[in-house]
Amino acid sequence: MKEIGILVVFLLAGGIYPAFADYVEPTAQEQQLYNRLLADFTKLSVQKTDVSKVLESFSAPITISFPCDSDDLNSYVTAAVKTKLAKFDNNLSHEGTTTGGIYSWKCSITSSGGKITISCENELMINSDAILASTERNQKIKQVEDLVILYHELLHGQLMIDAMNSSDTWHNNVCNKTPQDDLDYSYTDANHKVITPLQTEFATQLVKNAGGEMKIEEVTPEETDSGTFIKKIGSLYDYPDYAANGIEVSARAYNIMNMKIASEKTDIVLSGTLSNTTQSGIVWLYIFENVNEEPQTKIQTINETPKKESTEIPPWVKNNAKWWSEGTIGDSDFILGIKFLIEHNVIVIPPTTQGQSGPQEVPSWVKNNAKWWSQGAITDSDFVSGIQYLVRNGIMQVGPTANVESVPVQSNSTSGIIQVSSGTIQLNNYWFEKTPYKSIRVEVSGVVDDSKTGAYVILTIIKPDQTFFELKGIVTKSGEFIVPLMLDASSLVGQYKVVAKYNAAEIGAASFNVE
């Protein structure tokens, strides 16, 4: 699957630093980059946490004041928060990573007559050298990454401002401060427990708007051998809309070093080593259609149907035919490729020609045809005739329409026909309360029959607005699976439906409500 382009984008790390170094003006390059990012950011229509207050603090101080209780050490608190763009300080970068930006909280406390005054002269730093030096072949991904950097740092400011405005805990704490005490900066979310799901959802929407897909992969310590791992993270068949030209995959990782993405036949495989072997690694995968790859072959439709304009066939289908003929991949993998051609009208199989006879072995000459076709020794029409034979004689069941749920095929292995599995699913809860700045964890678990090592269960989550996304979970040898579903604080309220599929067939569905 040479169509997969590999690019590992630098880590978008961010942080807050209550430091008091002298202010240094940003470089012209940093100022220009910030202006461009801000202009693009303000034009966005995607759903995101409101960061308007921290943006306002760039032009004028945000003033926050509130009275204290009678038994508090102080009687009144006034805070003024202002933010300036500053020159990036490499000394504040995260060790071992490339830092895209930094939001620094720099507050001082004074007290007079029981009144506390907090003055914050905060700084936003943008690492223009790293951002502009980032080589991303797909400029859509590059723009997403850049906007995530800005959003990430603005959240470090906005979350603290929100706490200063509305958190009773923070109010009670500061009402009993002395000028010698430190402020509680925990609301800046230096550990990214709040920011990570917010920026993940933000990036997902940006990628979707740009015409791609984004998925999150977690590598747990249990999946590694002393931190080192190799993990299948997808397949070409996961992205049928892109398969005509191949797919381009880019990735960003947290807590993973020496990360590589490679292709093994039709599988997409991730490898690397956990930096901290006690914590999971997280990978963002960006999937776009490879617009640079030129299709290589064409195929004609079957004679019994009206002739249609010839359609380009993806090169990976011929690779599949070769591997199938050699026994490298099984019947089911090969049929998925044929099914793709049928569903996209590259090959048209009339419903009236499909046979209903019992299962039979795939004749050896069909595999020979597949091998010769992959080598260019026979024509497309000769190969199609072999596929037509399988359909007519009931050896390959493709269904009467393009939207086929399953493809049972006679296998040459001792297992016989590939059976569609059944199973059940359940949720850890069916009602969840939406809380500001807190993610909701929905645990989807269940059991499938006829489980196979390395197989996945596919979950389709349908949101209240009827949009959807998919998650993938590993099925154990005993047929069990557990898939965590994370919804961030900006998720929609209403009913969500979870549909589980295994071996391309639905095994169960469940619903839960977010209120």
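Is F66 buried or exposed, going by its relative accessibility?

## Basis of the model

This is a predicted model, in which local features need pLDDT of at least 70 and side-chain atom pairs count only at pLDDT 80 or more, while totals for chains, interfaces and linings use all residues. Residues are numbered from 1 along each chain as its sequence is written, and side-chain values use heavy atoms, with hydrogens and water left out.

F66 counts as buried because its relative accessibility is 7%; buried means under 20% relative accessible area, exposed over 50% and partly exposed in between, with a 1.4 Å probe and protein chains only. W170, at 2%, counts as buried too.

## Aromatic pairs

The whole structure holds eight aromatic pairs. Rings of Phe, Tyr and Trp (its six-membered ring) pair if their centres lie within 6.5 Å; planes under 30 degrees apart count as stacked, over 60 as edge-to-face and the rest as tilted.

Y34 and F58 are stacked, at 5.6 Å centre to centre with 25° between the planes. Y34 lies in helix 1 and F58 in the loop between helix 2 and strand 2, so this pair ties together parts 24 residues apart in sequence. Helices (H or I, at least four residues) and strands (E, at least two) are DSSP runs, numbered from the N terminus. Both Y34 and F58 are buried.

F66 and W170 pair edge-to-face, with 6.4 Å between centres and 70° between planes. F66 is in strand 2 and W170 in helix 5, 104 residues apart.
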